[in-house]
Each structure stands twice: as structure tokens, then as C-alpha cells.
Amino acid sequence: MRKNVRRACSLFLAACLAVPAALLTVKPASVQAQDTTAEEASAEEDDTIVLRVSNWEEYIDLGDWDEEETIDLESGDIIGENSMIEDFEAWYEETYGRKVKVEYSTFGTNEDLYNMLTLGDVYDLVCPSEYMFMKLMAEDMLVPLSDHFYDTSDPNNYYAIGVSPYIKGIFDAKTIGGEPWSKYAAGYMWGVTGIVYNPEVVTAEEASTWKILNNSKFKRQVTIKDNVRDSYFAAVGAIKSDLLTSPEFLNDPNYSLRLEEEMNDVSPETIQAVQDYLQTVKNNVYSFETDSGKADMITGKVVANYQWSGDGTYTMDQADEDDFTLAFAVPVESTNIYFDGWVMLKSGLSQDPAKQHAAEAFINFNSRPDNVIRNMYYIGYTSVISGGDDPRILEYADWNYGAEEDEEETADYPLGYFFSGDPDDEDYMVTVPADQINRQISAMYPPQEAIARSSIMVYFDADVNEKINQMWINVRCYNIYQIPVWAWCLAVLIIGGIVFFLIRSRRKKNYD
Amino acid sequence: MPVFGLTRKSLRIPYVLFLAVFVVAPLFVLIYYAFTNGSGQPTMRNLTGFFTDPNTLGTLCYSFAIAFVCTLVCLLIAYPTAYILANSGFRHKSVLLMIFILPMWINFSLRITALKEILTMIEGNLAMYPFFNAVLGMTYDFLPFMILPIYNTLSKLDPSLIEAAKDLGADETQAFFRVTLPLSVPGIISGISMVFLPSMTNYVVLDMLYNSTYIMGSLIGSYFAAYNWHGGSMIALILLAIICLFTLVTESYTEEDSKGIGGAML
């Protein structure tokens, strides 16, 4: 027996070693090249600025595109050869004459990032979602962006020049402790939440409400997000559906304000109602997912999928490749508009002006229209940059989803609200195939009317957070009162049986 | 006798260090967190909270139910398998055993992913049978851990005992129930403890097979995700207590049983 096992093991090991060895011998050149760059970097470390950046996983262009992936816009080709980080290092040295070394790392969730920060990890520039940078602002952990950063006369200030007027409006208007977001945060990507659905099974009307999550018509065929904030938002939308869609509410002069209040309602009654609602959702959904929903949607295991618009675009693109059509709906009640933004940390910068300059340059470099397009293509999310006078970002939207010249039915899709601030601006109109209207383009740039009913989800204080987290645990747990009577009887029988058996065998032994 | 100037005592140091750093120290951290609250004050609230909340208690019951059914199914499959393997006249017995152990060489999340696709083909919609799928997935995952210890005890069983039983007039069935089965109890118990306890906490299988209900493992995880180290530690401690209790009860039976055959176990 030993001999056989040993023989099998050694065979297996040999196979394991052989494959990577073969791969290594094919590509020794690139490995050597990497080694030398690493040596160079360490040799000249003294006068280089080290910038520690932490971002979401898969959230920046890492380069290495194939030739055929070139984005051939009218204004020229765009292709990602190197990673954005390498390109930034080269650009910074060329533009400002100083070497910079970016130490790039990633995080999985906003909470992970916050945990890492409180446990003592040090970063200069991070990119959390809006509720997390609101929390960091409130806790006074951030360094304000410099005045120079917003100086539009410097051609290298791509962010200030290119940021969409719509996004700028939000970042200027929203405040924490009397200070606007824009004082500390520069946007990166944004989007809304909605429902990706299979139009052959689900009608647009059924998909356009949060109530689809517990619609028994699609029992075990819808998915919901596996995190408390997204689920809470959807649940509030569903329970307050009647109020939120009533004409009086919609025509209220303070509609936006009231909507945001309603969607951020954390009164004990609402939390209880959300718990009850999510309980019914749990018995109706296919899964609570973070990532698997995309694949389950494409393979047809589910027919509707609560999704962030960026991942929604990706899902629809992937399905298209299999000739399988999916659509995107923004619920009528409200949609959660979210932003990921760059913020600089006090603990990292420690008042080093050179470092702050490099950090702001990093934001600007990622806001340069060609780089914006590279990032958008690579990540699949929508950038907050509209490009100012640069036409390429609009061209990119057209390149992606615009109608071909021989298309029979087309429709005009207005993007003025995002690109110029004027919803009716004729210059920012994309002509798309008619069936695109509720598909990718509407996930990439949600239509004006969907934006009108968007609401930001604020961060909750520790007390409320604890209650909501407890609510979430209650939903996911198995309540003891749910255990049916027969199960209790069975359990008693089994336990009784085991105890009886144990005692009997012990007795017997004692007699022996 | 010292080898290379090392006495037996000094050879002990690495093990003691390892135990201290990776077993004893974390245990104390766990106990500290379990009995304190957010501001570091000692409290019993975590303990009483667990036993008064219908949700946590229900989750404990649900985990028990999954683990119980999974262990039972494993045992029902593993015992006959191990018995046949141990008693077969096949010359390359080890090859047969290898076939059963082979899946253990493949990463379990990979195996569960494959199982997921197969089940989808058979059941259509996986999420319709959450309990069944959870049990199936865990049985698939833990079966080798049940087969191995039982096989070990059975293959070490002295065949002359059964011959003696037959000489004394027992038929096949009687010999099995009066001799083979009682003597293989240590293997069974060792198998049960290797299957029952892990299947109470192995929530990854549930996640991957779309069972949305928490079991003990995911409950601890959800407490930690919400920065509630104290509640999570308490649940971990309670699980530890259950394991200790279980081991104590089974120990008292196996010790006596195993005297005869020299404590044959894995």
C-alpha cells in the first residue's frame, strides 16, 4: 500500500512541478526585466516621493491590453499598454521633474479599509465610497484638497477642468459638519442601484420596483445584495412604495429633500418593518450575493438581480456576447446613487507638501480624458469626469452603445444633465438603437428621470449602526420559533434514544 | 542521551512555544473579548444575550440539525464502505482506498462549485432545497474523514476474534453485531467527532450552495463584520465548550472500549 501511495504522490508532484517549470523557461526575459526595475527603484529611493494608494480591487486600469482592444474614437485611438500606475510615475517625473513611487494596494470593502486604518495601516490616498469618506470627514481624519487643485487655469488640473457639472453640484452641495464634500473628496466613479432583468420573463414594470425582491411570481429567481446597507435601502423603498410613488409626494416642492429623509429613515418602527420585509425576501430570493449574481444572471439561473449599475453594464455586455439579452431598470420608488471618491489621509501625508502634490497629481492624472476612458473600459464603471471641452468621453459613450449608421430604429438619449448641466442641451445627445434605451446606456448614464429620484444613503452613527446590524443578523438567523413541532418531537426522541443507549451500555459494562 | 548537545528538555522548547503562541494566547484573547463589552468593562451580557435571543438559539439548533443529519448520512455511507474495503479479498486494497480519498486532494471550494453545477442540472433551481443541499454538500466534503478512521479500526481487527465467535456458534450476523461492531466503536466515534463539529461551522458550503440561513460559523463572521468582537468571541467560546463536552462524553466510552484493541484510531 505504501508503495502505491508513494508512487502516486511522486507522479502527482512531478506533474505539479513540470508545468510551472515549463512556463518559466518560456518567459524568463520578462521576469529578469522586473528584477532590474525593482533594483533601480531601491537604489534611488532617497529623493523619490513614496505615495501609498489604496483602492478597490480591480478598480484601475492595469494595462496589458490586446491590440484588438484598441478603442478607436474619432479623436484618436486609446489603448492601455502599461498599468495606470506606471504611466503616472512616468508622467509625474516628466511633468514635475521629480520621481514618484506609488505603493499600490487594494481593499475588499469599505469596512475592511476602515478596519485597516484603525489598526494602524498608513495610506496617503484612498478611494472609499461616499458614506465612508463622510465618516472619515466627520472623524477629522482627512486633509483638505489644496486651492491649487481646483484652479482651472492650470492645464494639468484635469479633475477641476473635467469633472461633470452634475457631480460637482452634488459634491459642493452635500456637507458634513458644515463643510462640503468637495473640500476633501474628489470623485472617481459613480452609479446607481437597480435591477438587471431578463425581459423575456420579467416585464419592465415588474422590474421597476423594489417589490420585485419578494414577488412570489419569481420565487427563488431573484438575488439581493449580501450587505446590510444595500438591502436596507431596497427594503425601505419597497415598504414605502405607496408613499414614494404618490402624486402628492412626487409634486412636493421639497421632493428631493423629503425623499432623502424617507430613504434614510432609521426609526425603530422602520427598522422593524425592514426586518419583517427582509424576512419575506429571504424566503423568496435565490441568494444573498456580492459577486455570484452576475454569473447566475448570465447563465439564466436567475431572472432578476439587484445590481450596482457598473456591474449591471458588465452583466449585460457579457450576456450580449452569448446572444442573450438582458435589461436594466431603475426602481420607481428611489435609487441609491453612490460615489467612490479620492481622499487624502492625515496619518499618511503628515503635512508633507511634496506628498500632497503627488497625491493630487494622481487624482488629476486619473481624470485626464484618455485615462478616464481606459479606466472605464477596464473597470466597467462610469467615471465622474465628463471631460470639459474634451469630446472624447461622450465619444466613448457613443463608441460603446451608439447606433450604427444602418440601424433602422434609433432613439435620442440625452446626456446633457451630466455633460453640460443643462438636461436639454442638444450638443450632448447620443443616438442609440431603440432597444438600448433600457439597457447598457441606461446603466452607464442613468436617464434624467431616474437621477431625479436618486437618493444618497448617509452614514449612520454607531448607535443606529448597531441596531441595523442586529436587524440584519436577525434576518439571516434561523428563529427558534420557526422550528416546527414535528422537529421538536423528533429531536426529543433522538436525544432520548442516545441517552438511553449510553446509559444502557454503561450499565452493561459495570455488570461485566 | 544528548544528540548534537541537545537534551530532551531543550528539544521541547519549540513545541511549548508554538502551543503558547498559537493555542493558549488566542484562547485567552477569546475569553477576554467574550466577557467584556465595547468599552472594556467586564460583562456577562454576551453570554446571557446568546441564550435569551431566539435567533441565536434557533441558529444553534439549525446548525445542530444540519450537523446531525450530515453525520448520520456520512456514517451510513462510510461504515459499509469501510467494512467492504477492509474485508475485500482484492489484492490492491490501497487503490480502492485511494479512490475514496482522492477527492480530498482537490480544493474543496472547487469540488463544491462542481457539485453546484451538477445539482443545478438535476434540481433545476438550487435555492428550492436549501437544507438538503447543505447536507449533501457537507456529506460530500466530509465523507473521507468518516471512512478513514473506521477503515483503520476495522482493518486492524484481529480476524481470529470472529473465527472464535463462529466456533462458539455465532452466525455471520451475530458475529458482526456482537464482535465487529462493538470493537469498531472507537473508529466510529473518532469519525463522528471529525464530521459533526466541522459541519456545524462550515458555512462556506452553505454560501456556495445558496442557503441564505446562517449557521454558527456565519453568525460569528457576521458579528465580526459589524465590529462586534465581543459577541462573536462569545459564540466561538460557546462552540468550544460544546466541543469539550462532546469530547468528554465520547472519551469516557472510547477509553474503556479501546483497551482491548490498543486504542486503534487515526
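Reply: In chain A, the centres of domain 1 and domain 2, taken over C-alpha atoms, are separated by 28 Å. The model is predicted: local features need pLDDT of at least 70, side-chain atom pairs count only at pLDDT 80 or more, and totals for chains, interfaces and linings use all residues. Residues are numbered from 1 along each chain as its sequence is written, while chains are lettered from A and ligands numbered from 1 in the order in which they are written.

Now the bounds. Domain 1 of chain A covers 42–186 + 343–383. Domain 2 of chain A covers 190–339 + 392–405 + 433–476. Such bounds come from an automatic or database domain assignment.

Next, the contact. Domain 1 of chain A gives 20 residues and domain 2 of chain A gives 18 residues. Two residues are in contact if their C-beta atoms, placed from the backbone, lie within 7 Å.

Consider the domain 1 side. The elements of chain A that give two or more residues to it are β2 (71–73), α5 (130–138) and α18 (369–379). Helices (H or I, at least four residues) and strands (E, at least two) are DSSP runs, numbered from the N terminus. The largest share of this side, 6 residues, comes from α18(A).

Last, its make-up. The side of domain 1 of chain A that touches domain 2 of chain A holds 11 nonpolar, 4 polar and 5 charged residues. Here Ala, Val, Leu, Ile, Met, Phe, Trp, Tyr, Cys and Pro count as nonpolar, Asp, Glu, Lys and Arg as charged, and the others, Gly among them, as polar.
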